[in-house]
Amino acid sequence: MSGNDREAAVRRLLEQPARPLPPEIHTEAVRRGGRMLRRRTLARRLMWLLLCAAAVAFTVWALTARPWVEPPSDTTPPLTGW
């Protein structure tokens, strides 16, 4: 099919009257859509909770471990050049 043939086929499909849908499809779609929205909301809240918990854990670790401070030396340096 060339581009003009495809365009003509699409135009024919769009010009046809819409077929009626069974009424139970609407209720099923609404039920599934609501469930999807609730799952997305729950997943988003869990991700934010996980992010906040990770930030708090990192902050507590950084304040207790103080990785930016140089640790004290365990041994004395050798004395040379006397």
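These are my notebook entries on a predicted model of one protein chain.

**Entry 1, ground rules.** I number residues from 1 along each chain as its sequence is written, and I leave out hydrogens and water, so that side-chain values rest on heavy atoms.

**Entry 2, overall form.** I looked up the secondary structure and found two helices and zero strands in the protein chain, where helices (H or I, at least four residues) and strands (E, at least two) are DSSP runs numbered from the N terminus. The C-alpha trace spans about 100 × 40 × 10 Å along its principal axes. I then looked up the radius of gyration, which is 33 Å for the protein chain, whereas a compact globule of 82 residues would have a value near 12 Å; the radius is taken over C-alpha atoms, and the globule rule is 2.2 Å times the number of residues to the power 0.38.

Buried residues make up 2% of the 82 residues, with buried meaning under 20% relative accessible area, exposed over 50%, and partly exposed in between (1.4 Å probe, protein chains only).

On the surface I found a nonpolar patch formed by Leu42, Leu46 and Leu49, with about 320 Å² of accessible area together. Patches are made of residues with over 30% relative accessible area and no salt bridge, like charges being joined within 9 Å and nonpolar side chains (Val, Leu, Ile, Met, Phe, Trp, Tyr) within 5 Å. Leu42 has its place in helix H2 (residues 23–65) and counts as exposed because its relative accessibility is 51%.

Searching the whole structure for salt bridges (a side-chain nitrogen of Lys or Arg within 4 Å of a carboxyl oxygen of Asp or Glu), I have three to record. Arg11 forms a salt bridge with Glu7, with the closest N and O atoms 3.0 Å apart; the two are separated by about one helical turn because they are four residues apart in helix H1 (residues 3–15). Glu7 counts as partly exposed, at 40% relative accessibility.

In helix H2, Glu28 and Arg31 are three residues apart, and therefore about one helical turn; the closest N and O atoms of their salt bridge are 2.5 Å apart. Glu28 is partly exposed at 29% relative accessibility, as is Arg31 with a relative accessible area of 42%. Glu28 also forms a salt bridge with Arg32, with the closest N and O atoms 3.1 Å apart.

I lastly looked up Arg45, which lies in helix H2 and is exposed, with a relative accessible area of 61%. From C-alpha to C-alpha, Arg45 and Arg12 are 46 Å apart in space, and they are 33 residues apart in sequence.

Conventions
Predicted model: local features only at pLDDT ≥ 70, side-chain atom pairs only at ≥ 80, totals over all residues. Areas by Shrake-Rupley, 256 points an atom, 1.4 Å probe, with all protein chains shown as cover.
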